[in-house]
Amino acid sequence: MIHASRRARVAATLPGHEVAAVLVTAAVNVRYLTGLDSSNAALLLTAGGEALLATDSRYAETARERCAGVEVIEDRDVAGALLSRAEDAGPVAVEAGRMPVGTFRDLAGAHPLAPVEGIVETVRAVKDEGELASLRRACAITDEAFAHVVEGIVPGTTEREIARRLAIAMIELGADKPAFDAIVASGPNGSIPHHSPSDRAVEHGDLVTMDFGALYEGYHADMTRTVAVGRPAAWQRDLYDLVRLAQRAGRHAVRVGATADEVDAAAREPIAEAGHAGHFGHGLGHGVGLEIHEQPFLGPGRTGRLEDRVPITVEPGVYLPGRGGVRIEDTLVTRDDGPELLTLTTKELLVL
């Protein structure tokens, strides 16, 4: 019933794109619409709601067992097989930004195709309560893992070791696996927003930024915390307090109907007023779900309004080259009565 409802929501958008059907080839979108997790599958969904799923012999039996209300055909050329069944249909939408150019070129010779951006992702942005329950558990595991690992961060511990401990803790607490490779940045490495954990050992007086999350039932958590090892210097405390203020402003701006750039601006303003506009170069946040980065995206010039039940991150940061940086990130969900915070670990500066 859940997958049928999702297909109906996508099918309802097709007349607006002036197409008779959509060919879904991105694995994550096939999973969203059918429940099949496969490395080789595609779905043909018509404006009338009829669904035809193609996969190869490795997944065909599973598809027939799990994908109720969907006709399953077995073929290795999944996209070609589906288009051959659409001969009498009008133009078929394909996923712009997902389908390789070479594949599009080959398929367009057999049937008129219309590239459409975000045709499934726009629907995916609004989560059902089952999805939110999985995401809520992913975030709870992330919180618990942080509590397990943070007290063990002492001078001499390497960034790589902290990342490994976080991964192990999340799995032991029930995660499918880490949602992504953790970022652990200590001392001057904190000025690099996406620093890869290295063999640098944490030193007394460092700030340590950890960006990580758990994957649970396919749903990705995302959280960043920055801690101090030993008493922080005045500039470190001031930097942390600034980012914490900006992060709170961003969270408070999250509401149904708010635009993506409005939320970004709410967090960016105090950072700019403090003279650090040039030290916050990335967007404020992004949607999370079956992918770690998905619609909507919060940033300057980003369009679109937040709807009810959309999980997003709010993650401002300030990065000082050669010195270090601070980022604080939470995952939260838009609700009609105000945002629901899913990552609950304190935003106070922890001094270890």
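Arg200 and Asp206 form a salt bridge (a side-chain nitrogen of Lys or Arg within 4 Å of a carboxyl oxygen of Asp or Glu), with their closest N and O atoms 2.8 Å apart. Both residues of this pair, Arg200 and Asp206, are buried, where buried means under 20% relative accessible area, exposed over 50%, and partly exposed in between, for a 1.4 Å probe and protein chains only. The model is a predicted one, in which local features need pLDDT of at least 70 and side-chain atom pairs count only at pLDDT 80 or more, while totals for chains, interfaces and linings use all residues. Residues are numbered from 1 along each chain as its sequence is written, and side-chain values use heavy atoms, with hydrogens and water left out.

Across the whole structure, the search finds 28 salt bridges. Another of them joins the side chains of Asp330 and Arg225, at 2.8 Å from N to O. This pair links distant parts of the chain, 105 residues apart: Asp330 belongs to strand 18 (residues 330-333) and Arg225 to strand 12 (residues 223-228). Helices (H or I, at least four residues) and strands (E, at least two) are DSSP runs, numbered from the N terminus. Both Asp330 and Arg225 are buried.

A further salt bridge connects Arg244 with Glu348, the closest N and O atoms being 2.9 Å apart. Here too distant parts of the chain are linked, with Arg244 in helix 9 (residues 234-253) and Glu348 in the segment after strand 19 (340-341), 104 residues apart. Arg244 counts as partly exposed because its relative accessibility is 23%, and Glu348, at 44%, is partly exposed as well.

Salt bridges also form a network, which links Arg98, Glu121, Arg124, Lys127, Glu291 and Glu294. Within this group, Arg124 lies in helix 6 (residues 121-124). Its relative accessible area is 2%, so Arg124 is buried. Leaving aside neighbours within four places in sequence, Arg124 is in contact (heavy atoms within 4.5 Å) with Val28, Asn29, Tyr32, Arg98, Leu290, Glu291 and Glu294.

Two strands pair if DSSP finds at least two bridges between them. Strand 9 (residues 207-212) runs antiparallel to strand 12 and is joined to it by six bridges; Leu207 has Ala228 as its bridge partner in strand 12.

In a regular strand the side chains alternate between the two faces of the sheet. Strand 16 (residues 317-320) has both faces covered: Gly317 and Tyr319 on one side, and Val318 and Leu320 on the other, are all buried. Four bridges tie strand 16 to strand 17 (residues 324-327), and the two run antiparallel. The partner of Tyr319 in strand 17 is Gly325. Three residues lie between the strands of this hairpin, where Gly322 takes a positive phi near 80°.

Turning to helix packing, helix 7 (residues 129-150) and helix 8 (residues 159-172) pack at an angle of about 130°, with their axes 9 Å apart. Axes are lines fitted to C-alpha atoms, for helices over the stretch in contact, and angles run from 0 to 180 degrees between N-to-C directions. The contact involves Ile141, Ala145, Phe146, His148 and Val149 of helix 7, and Ile162, Arg165, Leu166, Ala169 and Met170 of helix 8.
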